[in-house]
Amino acid sequence: MTQTGRTVDEVAVAPDDVTSVEPRTSHSWWRLTVLGIGALVFVFPFYYMIIGSLQKNQNTSLSGVVPQPGNITLRNYGEINAALNLGKTLINSGVFTGGVLLATVVFGVLAGYALAQLRFRGRGLLFVSMLLLLMVPFQLLIIPLYVLIVRYYGLGDSYLGMIAPFAINSTAVFIFRQYFLQLPKELFDAARIDGANEFRILTRIALPLVRPALLTAMLLTFIGPWNEYLWPFLITKQQSMQPLAVALANYMNTVQSTVSNPFGTILAGAVVLAVPAVALFLAFQRYFVAPNIGSAVKG
Amino acid sequence: MAQIVLNEIDKTYPGGMKAVNGLSLEIEDGEFVVLVGPSGCGKTTVLRMIAGLEEITGGTIRIGDRVMNRVAPKDRDIAMVFQNYALYPSMTVRENLAFGLRMRKTPKQEINRRVVDAANILGLAQYLERKPAALSGGQRQRVAMGRAIVREPEVFLMDEPLSNLDAKLRVSMRASLAELHERLNVTTVYVTHDQVEAMTLGDRVCVLRGGVLQQVDTPQNLFDYPVNLFVGGFIGSPSMNIVAAKLVRDDVGTAVMFAEYRLPISEHVVHARPEIEPYFGRDVILGLRPSDFEEASLVDESWARMPVTTHVTEALGGEIHVIFVVDAPPVEHKDVVDLAPEAEEGGAAVPLYEGKSVWTARVDAHSQVRAGDRIELGVDTRNLYFFDPDSGLAIGKKQAAEPRRSRRGTRSADSPGPA
């Protein structure tokens with residue numbers, strides 16, 4: 001592209017060109033710099049976690065930021081694996097997270113559909129009290145929940161006990177309700193006249209339309225139980241039942257003195273914990289952008 | 001096939017809004033009935049009540065010989081076509097058509113046969129594997145129709161099925177709808193706000209206003225014998241010209257006077273309509289159809305003359321609409337106010353014509369009339385409409401003796417009235 005044949009519009013969409021329009025360019029330089037600094041601030045801990053996990057000997061000085069060829073090893077991963085049984089804890093994390101996700105989606109979809117589409121007495125009241133429950137912080141509920149689940153139900157050290165308090169997520173119910181409210185009412189009318197019962201309408205007509213939104217909701221929900229520490233920590237005494245986040249935290253408090261680079265070993269565990277979340281994000285990046293549930297209704 | 005009987009049905013929404021008020025209507029087996037009225041008149045609510053999508057506050061709805069008030073929509077043996085088609089976006093055309101039958105556990109072969117039949121009737125055969133998103137508006141509309149047809153229901157309910165189509169497609173779909181009804185002869189209730197659709201499709205047309213049934217009759221009878229000012233003004237396009245007038249009988253003869261005009265009325269007309277007698281010397285509201293005008297030079301002496309100055313002429317090819325101003329204030333009867341949906345959008349009152357009435361006359365296409373011309377119009381005074389200024393009820397144009405059904409007679413003409 002030459003300087004002469006350029007229109008104003010083209011300049012406007014090419015702000016990184018330094019020579020053409022001075023004010024715009026400096027403006028975008030500023031923006032780039034600020035954004036760059038922001039990105040660095042957010043990425044640095046992540047980067048440092050990876051570097052730290054690969055260090056043979058702990059190097060907390062500034063030079064530790066740059067990887068040094070002589071100081072790199074994978075031994076930390078082996079040590080954390082020996083101490084925690086990474087496979088087993090990852091499976092625990094997986095079962096816990098998967099169970100919460102499954103329950104969140106199943107109950108969220110069912111309750112959300114009912115609140116959006118069915119007419120029944122007390123629907124408004126139910127919805128409002130659900131929103132009220134959202135306001136109660138989980139920390140307040142921990143002790144009663146612990147008593148209930150461990151003492152009464154005897155579900156200590158079990159997957160079910162871990163999953164149960166998170167099984168119904170009122171935020172998810174709320175979100176799914178909004179999705180179902182967005183669908184055109186005539187679709188439901190048509191299906192009812194066609195003779196479909198509510199469950200058929202939900203599975204055959206409503207769900208396929210909100211599928212992208214559903215995936216987004218699942219991805220956003222994933223990170224919660226995956227990183228959850230407090231509840232699984234309370235409810236699991238046996239190490240073999242602990243999710244990775246809990247096992248890692250316990251490790252920090254107890255066994256770390258037995259390894260050569262405790263700092264690196266913890267960071268190695270953190271990397272293992274972070275990898276699935278990062279991988280999911282990379283794989284489903286586009287779903288993190290609000291999906292368009294475009295209704296193929298009218299022309 | 002089935003008869004539908006609505007008996008004094010009411011619909012009151014929570015909050016007290018009364019959408020339908022004591023509506024009674026008998027729809028014969030195989031009849032095509034159109035519910036028409038301005039927006040908000042309750043016509044869609046009535047349809048949804050027949051479908052079972054809306055609860056009935058009072059009265060009874062009978063389809064066939066069953067009272068349907070508390071029967072679920074799926075058990076009423078009806079099929080409905082929606083304005084926005086409501087096709088299931090995640091299913092192909094074939095699945096859309098088959099859905100209702102599959103829900104009813106119809107045998108596979110039977111489903112297949114009916115789907116293919118319907119697709120052939122509607123010209124959808126090559127689109128069966130497509131999703132609705134890949135269809136044009138007209139094709140989607142036909143799929144919506146097909147979904148109703150395959151069910152082979154007792155009753156078709158249609159809620160403005162053509163109003164999302166462009167004008168040209170609408171006309172051709174209107175013809176296909178009429179043909180389809182001819183072929184299947186299923187009882188059909190059709191909702192529209194478009195009076196041309198109502199006139200061309202309906203065996204009978206029900207005019208609603210504010211949830212109250214105004215008149216039910218054949219299209220031609222509605223046009224010729226409106227029961228009140230509202231129906232008179234609603235039916236017919238361009239709509240009826242109305243003005244506050246005075247009926248007089250003096251030395252010169254009987255006549256109706258408004259603005260600077262005096263239109264003589266033949267004694268024969270008065271004789272044929274004795275109900276007019278008490279109104280002599282009193283105020284009435286006069287209605288004149290645009291089609292009862294003609295350029296004076298083209299008609300014989302028996303037509304009354306009205307010299308006017310044309311404001312605008314609209315040449316439609318086959319005819320010319322002459323728009324002129326009559327120096328009389330617009331009628332402000334409630335019937336007329338209800339008729340003007342444009343008024344809400346601020347389009348009605350052109351300040352230029354303030355305090356005057358804007359009229360339309362339909363004249364022959366060969367007329368040489370131009371905007372701004374001073375011309376003489378002939379008026380066929382045999383077809384004047386008179387309305388009581390208080391009640392708005394028609395005076396002396398007798399209702400047809402019985403609201404009969406005429407099967408097809410009125411269907412051929414695209415628009416009502418003499419061309």
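How many bridges join strand β15 of chain B to strand β19 of chain B, and in which sense do the two strands run? In this predicted model, 3 bridges join β15(B) (residues 293–295) to β19(B) (residues 374–379), and the strands run antiparallel. Strands here are DSSP runs of E of at least two residues, helices are runs of H or I of at least four, and both are numbered from the N terminus. Two strands pair if DSSP finds at least two bridges between them. Glu295(B) has Leu377(B) of β19(B) as its bridge partner. Strand β16 of chain B (residues 304–315) also pairs with β19(B), in the antiparallel sense, over 6 bridges. Here Met306(B) stands opposite Leu377(B).

Residues are numbered from 1 along each chain as its sequence is written, while chains are lettered from A and ligands numbered from 1 in the order in which they are written. Local features need pLDDT of at least 70 and side-chain atom pairs count only at pLDDT 80 or more, whereas totals for chains, interfaces and linings use all residues.

Chain B holds 11 helices and 21 strands. Its C-alpha trace spans about 80 × 45 × 40 Å along the principal axes. Of the 419 residues in chain B, 43% are buried (20 or more other C-beta atoms within 10 Å of the residue's own, with C-beta atoms placed from the backbone). Among contacts in chain B with a separation of 6 or more, 73% link residues 24 or more positions apart. A contact requires C-beta atoms, placed from the backbone, within 7 Å.

At the interface, 19 residues of chain A are in contact with 26 residues of chain B. On the chain A side, α9 (185–193) and α10 (198–227) are the elements that give two or more residues. α9(A) gives the most, with 6 residues. The predictor gives the complex an ipTM of 0.80 and a pTM of 0.78.

Mean pLDDT, the predictor's confidence in each residue from 0 to 100, is 86 for chain B, and 91% of its residues reach 70 or more. Confidence in chain B is highest in strand β3 (residues 32–36), at 95, and lowest in helix α11 (residues 341–344), at a mean of 48. Residues 342–350 of chain B have pLDDT below 50, and this stretch has 5 contacts beyond near neighbours in sequence. Where pLDDT is low, the predicted coordinates should not be read in detail.

Conventions. Two residues are in contact if their C-beta atoms, placed from the backbone, lie within 7 Å. A residue is buried if 20 or more other C-beta atoms lie within 10 Å of its own, exposed if 12 or fewer, and partly exposed in between; C-beta atoms are placed from the backbone.
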